[in-house]
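Colleague: I would like to go through this model and ask what stands behind the words used for it. Please set each value against its cut-off.

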Amino acid sequence: MNLPAVALELAAATVLLLYAVSLVKKGVEAAAGDIVARTVGGAGGRPRAAACGCAVAIALQSSTAVAMLAAGFAVSGALALDTGLAVLLGADLGSALVVKILSFDLHWLAPLLIAVGGLMHLKASARKAVEGGRAMLGIGLLLLSLQMIGHATQPLTQSPLLPSIVAFIGRDALTVMILAALFTWALHSSVAAILLILTFAAKGIVPIEVGIPLVLGVNIGGGLIALWLTRGLTVEGRRLPLGNLLFRALFGATIFGLFSLHVPFAWLPGETAAGQLVNLHVLFNAALVLVGVVSCAPMARLVQLLMPDAAGAGDNSVHVSALEPTLIDKPAQALAAAAREVLHMGNLIARMLEPVMTVIRSPTPEAVKTLRGIDADVHRAHSEIKLYIAAVNRGVLTEDQSRRGIELTEAAIHLEYAGDVVAKNLLQMAEERLEGAGTFSQAGWRELTLLHTAVSSNVRLAANLLVSPDPVIAREMVRQKEHVRRLVEESSKSHLERLRQGVAASILSSDMHLEIVRALKEVNSLVTTMAYPRLRESGDLLESRLVPAA
């Protein structure tokens with residue numbers, strides 16, 4: 001047996017496996033990123049939230065991707081902690097179901113998916129077809145990588161040293177579980193880690209008694225990945241992966257305790273060791289969903305105790321600024337602090353925008369005053385950010401740091417403008433309603449509500465983009481802008497038609513209706529500008545909409 005050749009082939013197959021998983025994720029995000037984001041962000045009760053998380057994880061073939069999306073929504077305040085935990089537990093189950101599907105003998109499908117997916121990705125003209133082809137190509141390469149792993153491990157089954165090595169490792173199941181968790185974290189993919197284990201088990205390299213602690217370790221390591229990737233987020237974003245990790249660790253420790261007490265696992269369905277291990281993986285995560293749906297609320301309280309709010313965070317009138325003067329001569333840290341404050345501005349805009357339609361429809365002086373108070377906080381944050389970044393710019397910065405400072409300053413300016421639009425236009429409508437201005441027609445109010453929902457969604461995406469500068473989120477923001485533009489056009493046409501028909505409510509509220517439409521469109525345009533730097537970097541932004549001159 002040529003050990004270096006085997007190691008090289010196994011390493012190449014593992015890298016191809018990781019690349020294939022990434023390819024599927026990027027293809028699905030680009031082809032259906034809006035559906036994915038809305039599914040995660042729109043999760044309702046805990047059972048529905050778990051189902052949404054499961055569906056998105058199957059589509060993306062990654063529970064970590066779902067965790068990052070959910071963390072972004074939690075930061076922007078759009079996803080409650082207990083609901084978010086249910087989303088993540090559902091995503092873990094979805095990831096396990098992906099592994100179950102891939103554990104079947106699908107080698108015959110790889111050439112077809114690579115051929116069809118590759119041709120679609122290279123030759124299709126429609127964007128969704130191109131990205132769908134990329135996802136298909138990724139699945140085909142994933143199946144091919146599993147075949148390569150099986151081929152690479154075949155010589156190992158003939159090694160006379162293998163039984164003694166496996167027996168030695170199997171003596172310390174706790175160490176095996178810990179190493180599996182660390183290996184999964186290093187790979188940054190629980191799907192890839194568990195598929196490697198299953199391939200080894202299918203070749204007879206990993207027996208069931210070693211495979212069980214390995215599978216438990218992979219499940220714990222999968223929780224470590226998201227916790228590590230969200231380490232730079234605010235406390236709201238970090239709580240979700242912490243709660244998910246606690247669920248996995250506690251449940252994994254329980255199963256490991258039973259294993260250590262030599263409780264037989266012969267009841268696991270499956271005719272082979274690989275079959276039993278993949279079924280253990282699925283059953284582990286399915287049981288976690290069942291337990292989690294009823295215990296997400298207590299876990300949320302525990303996580304809040306372990307990771308409490310920053311001082312003053314529970315009081316909306318108090319905000320502890322991240323703009324520490326001691327960081328000004330450390331540009332990287334200072335710009336990260338400025339980004340946190342811009343995110344705070346984005347959250348303030350979301351807090352102003354979310355209830356504004358309710359305030360317009362049923363205004364009270366107290367509600368209007370509260371929202372105007374938030375606008376004052378926006379102005380204060382904007383001024384502090386500009387002065388802070390100006391002070392940072394007086395130091396020595398790299399080109400990337402200078403560009404980042406400009407982006408953050410522009411984002412703060414646009415968010416302040418958005419706050420002004422809400423305060424000076426939309427709240428003005430609420431004050432006019434307080435003075436007895438006319439009511440809206442049922443159809444007109446429905447149109448305004450749909451438009452407001454779309455704009456609020458883009459504000460949340462802008463907050464997510466600040467947390468994770470991903471071109472996929474940026475592209476979705478621009479697509480959402482086009483969706484808002486269509487809603488504006490449809491509402492304007494419908495409103496004019498109601499005026500032509502002489503609908504009394506539309507006539508009385510015509511000025512307010514058109515002003516609200518204009519204001520919401522302007523807010524949407526202002527927050528969408530935050531996506532353009534990311535799109536410029538990825539080469540997805542055209543310099544001009546004009547057709548080139550002949």
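Modeller: This is a predicted model. Its largest nonpolar core has 92 residues, and Leu17, Leu85, Leu142, Leu195 and Leu240 are those with the most contacts inside that core.

Colleague: Which residues is leucine 17 in contact with, leaving aside its neighbours within four places in sequence?

Modeller: They are Leu142, Ser145, Leu146, Ile149, Ala192, Leu195 and Leu196. Another core, of 72 residues, lies apart from the largest one; Leu327, Val342, Phe440 and Ala474 are among its residues.

Colleague: Why is cysteine 52 called buried?

Modeller: Cysteine 52 has a relative accessible area of 11%. Buried means under 20%, so cysteine 52 counts as buried.

Colleague: What makes cysteine 296 buried?

Modeller: Its relative accessibility is 0%. That value is also under the 20% cut-off, so cysteine 296 is called buried.

Colleague: How many disulfides does a search of the whole structure find?

Modeller: The search finds zero. For cysteine 52, the nearest cysteine sulfur belongs to cysteine 54 and is 10.0 Å away. A disulfide needs two cysteine sulfur atoms within 2.5 Å, so cysteine 52 is in no disulfide.

Colleague: Where in the chain is confidence lowest, and where is it highest, among the helices?

Modeller: Helix α7 (residues 162-170) is lowest, at a mean of 68, and helix α12 (residues 273-306) is highest, at 91. Over residues 311-317 the pLDDT is below 50, and this stretch has four contacts in the model beyond near neighbours in sequence. The chain averages a pLDDT of 83, with 88% of the residues scoring at least 70.

Key. Residues numbered from 1 in each chain as written. Predicted model: local features only at pLDDT ≥ 70, side-chain atom pairs only at ≥ 80, totals over all residues. Heavy atoms only, no water. Core = buried A, V, L, I, M, F, W, Y, C linked by side-chain atoms within 4.5 Å. Buried < 20%, exposed > 50% of the residue type's maximum accessible area, 1.4 Å probe, protein only. Contact = heavy atoms within 4.5 Å. pLDDT = per-residue confidence, 0-100. Helix = DSSP H or I, 4+ residues; strand = E, 2+ residues; numbered from the N terminus.
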